[in-house]
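Student: I've got a model to go through and would like to take it piece by piece. Where do we start?

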Amino acid sequence: MPAAVYGLNGRELADGRILVNIGPQHPSTHGVLQVIVELEGETVISAEPELGYLHRCFEKICEGWSYPQIIPLTDRLDYISAIFNEWVYCRAVESLMGLEIPERAEYLRVIMAELNRIGSHLIAVGTFGMDLGATTPFTWVFRVREDLLNIFELVTGARQMYNYLRIGGVKQDIPEEFPTLIEQFFAVLEEFLVNYETLLVKNPIFVARSKMVGVLTAEVGLAYAATGPFLRASGPRLDLRVSEPYSVYDRFKFEVPTGTNGDCYDRTVVRLAEMRESMKIIRQALAQMPAGEIRAKTPKVLKVPAGEVYTAVESPRGEVGVYLVSDGGTSPYRLKWRSPSFVNLSTLPELVKGTKLADFIAILGSIDIILGEVDR
Amino acid sequence: MSVLEQVRQNPVVDKSEYYACLEQLRNEGFDLLISLTAVDRGDSLEVVVHLARSTDLERVVVKAPVDSSEPAIPSLCSLWPAANWHERECYDLFGITFLGHPNLKRILLKEDFSGHPLRKNFTAARDGAAKGGE
Amino acid sequence: MAVSEPSQQKIYLPAESVTDPEIPLANLVPAGLGVHLKRLVQWGRKSSVWYLSFGIACCAIEGLMAAGGPRFDLDRLGSFFRATPRQADLMIVAGNVNLKMAEVVKTLYEQMAEPRYVLAMGSCACSGGPFRGSYNMIDGVDQIIPVDVYVPGCPPRPEAVFQGILQIQAKIMAQAEKGARK
């Protein structure tokens, strides 16, 4: 298919339509996604995503690796929100083993995950600004994100691939000065959010480019099983942290922001609001966190009892799930990764039908996909 | 006994009842097709469908074994559009044919890739392919 | 430096002579000055290593976005991202290349104008990384295109990418001397 499309690129089809190939090397595809777009003038008639440029054989590799070895590998799937991948994988293994997690470890997981959510949404809103032609938000988010990465580096030792969770707990405790650093970071983040809203969300150009662009109705979103802020911007209040509370999420008070129109504008606003909610959760978690162990006792050679389980957590992109089948050995018999980016991206052909080509880039950016997770 | 209770007790359904069973679950409000995948059980392949209800996030699993020599099963694209890409991925990695699928072709691997890598008997013949793009 | 007989000399335009490293500059300019001219050209090249904005995987966040962002600021080395390979001097291969991607990477490399340089960023681009040996992977991008500098790490820090670009700059300057000694 691609080879034939390269040949057809830019050529007129029979009825005056033009076939345009976008990607895999394109500044606005957020990775190595290829989309073959059929245009009539400026209007998109159809769009067909072509995946697989980052397929890394993750599921097959897992079948040969031991359970603890797989944790760092999951980091590389959704590489902007690595903690969530580790979390959902560890939860799957723990639930098959029937492992009790120390309470402090659960709080640490929540805190690091919510920090990671902030980091992920920062990139989402920053690159979305870039997709609309505004470079300033991009430089802003990377300035703020570096402050966040300092905290991550202090706790986990890494900037991006944290490898922080362990089966039964977490790697290490937070340092004493952690709450102070968090408050310092939150002050910077608050300022950023206010500035971003002033510069972009209230900006007439931004509004014109994103309001009622790429509208996802709730029906279409549910039919495609889209999840995360992408779906919530259309109305459904579907958030696993609330509707299926896992870990200690039932102990926190927070809102689930939703939108009404399901357009690019609402998605951005929902993501900005979610950052504020994450701050609330982290503050409550730090106040409630009990002292104690951070890791349950696990055997040196980890064997998981035979059985199967599906677990899911709410990642910044939606429901990330693991379907784990064990035959009682030291490595999974089958591990299926349900990635929200893959599912959310499958709505793209519906979303862009009839829009202008320039809006196509904005719509793609507003879905917020990570190709590492789409292709696995 | 409703289909839901039946599936709760024993998620494995016969290939011939697969579509009808899922259609009934669809009518009972399971509007989210969370995931569709397969597991290689040695002598057969098992198609595994995870469903959820958006109203209360009730979840249910349905499994259908198919013969691994010529695996084929009805497509769910007419019930859930979400099945489209999941089934293509399943076809790509397991080689299961989904009957009635509108666009059944490889989604992740190259069109000319030989074999279905998530099958247990798959061995990668990489030496010739390693210099890709030749 | 041996200067050939005037009758055998081919006349080159000055613009061509500085872009083609094979043309002896001594034919054009007085002996001794060619070295300086060559150094000047290479100094210009090294100070504006524009890289292709082509992030394949995880490393793109660190190597292209964070490194180009405000804290690390790759611009101060004269490096700036270009969206098209035609305008780029350097390709940072930030991620793993699989069989499907291989032909795209190769095409992009061929589209870049010479002199062109390749920086393999991260374990995957260097040698396959954690995915080495699996059914769809190319174990190291040097199997399909020539690589000038390897930056290991998973992912490497932006500072490591800086060091890699400084190595590319050193290589460009060394080429000036190499050409001059002929």
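Tutor: With a definition: two strands pair if DSSP finds at least two bridges between them. Helices (H or I, at least four residues) and strands (E, at least two) are DSSP runs, numbered from the N terminus.

Student: And how far do I trust the thing?

Tutor: It is a predicted model: local features need pLDDT of at least 70 and side-chain atom pairs count only at pLDDT 80 or more, while totals for chains, interfaces and linings use all residues. Residues are numbered from 1 along each chain as its sequence is written, and chains are lettered from A and ligands numbered from 1 in the order in which they are written.

Student: OK, chain B. What's in it?

Tutor: Chain B has three helices and five strands. Read from the N terminus, its elements go α-α-β-β-β-β-α-β. The C-alpha trace of chain B spans about 55 × 30 × 25 Å along its principal axes.

Student: How many bridges join β2(B) to β3(B)?

Tutor: Nine, with the two strands running antiparallel. β3(B) covers residues 59–67. To pick out one pair, Val48(B) has Lys63(B) in β3(B) as its bridge partner.

Student: What do β2(B) and β3(B) form?

Tutor: A hairpin, with six residues between the strands. Leu57(B), in the turn, has a positive phi of about 55°.

Student: Which elements of chain B touch chain A?

Tutor: β1 (32–40), β2 (44–52) and α3 (83–94) of chain B each give two or more residues to that side. The largest share, six residues, is from β1(B). In total, 22 residues of chain B contact 26 residues of chain A, where contact means C-beta atoms, placed from the backbone, within 7 Å.

Student: Now chain A itself. How is it divided?

Tutor: Into domain 1 (3–50) and domain 2 (58–375), with bounds from an automatic or database domain assignment. Taken over C-alpha atoms, the centres of the two domains of chain A are 30 Å apart. Their contact takes 15 residues from domain 1 and 18 residues from domain 2.

Student: Which strands supply the domain 1 side?

Tutor: β2 (34–40) and β3 (43–50) of chain A each supply at least two residues. β3(A) gives the largest share, six residues. The domain 1 side divides into seven nonpolar, six polar and two charged residues.

Student: What sheet are those strands in?

Tutor: An open sheet of three strands in chain A, in the order β1-β2-β3, with antiparallel pairing. β1 (18–22) and β3 of chain A are the edge strands, each pairing on one side only. The twist averages 20° from one strand to the next.

Student: How many bridges between β2(A) and β3(A)?

Tutor: Seven. One example pairs Glu38(A) with Ser46(A) in β3(A).

Student: Switching to helices. At what angle do α5(A) and α12(A) cross?

Tutor: Roughly 160°, and the axes come within 9 Å. α5(A) is residues 103–131 and α12(A) is residues 264–288. Axes are lines fitted to C-alpha atoms, for helices over the stretch in contact, and angles run from 0 to 180 degrees between N-to-C directions. That crossing makes α5(A) roughly antiparallel to α12(A): angles under 35 degrees count as roughly parallel, over 145 as roughly antiparallel, 65 to 115 as roughly perpendicular and the rest as oblique.

Student: Which residues meet there?

Tutor: From α5(A), they include Tyr107(A), Ile111(A), Leu115(A) and Phe128(A); from α12(A), they include Leu272(A), Met275(A), Ile282(A) and Leu286(A). The contact of α5(A) with α12(A) has 14 nonpolar, four polar and four charged residues.

Student: How do α6(A) and α7(A) cross?

Tutor: At roughly 170°, with axes coming within 10 Å. α6(A) spans residues 136–156 and α7(A) spans residues 178–201. These two helices are therefore roughly antiparallel to each other. Among the residues making the contact are Trp140(A), Val144(A) and Leu148(A) of α6(A), and Phe185(A), Leu189(A) and Phe192(A) of α7(A). By class, the contact has 14 nonpolar, two polar and one charged residues.

Terms used:
Two residues are in contact if their C-beta atoms, placed from the backbone, lie within 7 Å. Ala, Val, Leu, Ile, Met, Phe, Trp, Tyr, Cys and Pro count as nonpolar, Asp, Glu, Lys and Arg as charged, and the others, Gly among them, as polar.
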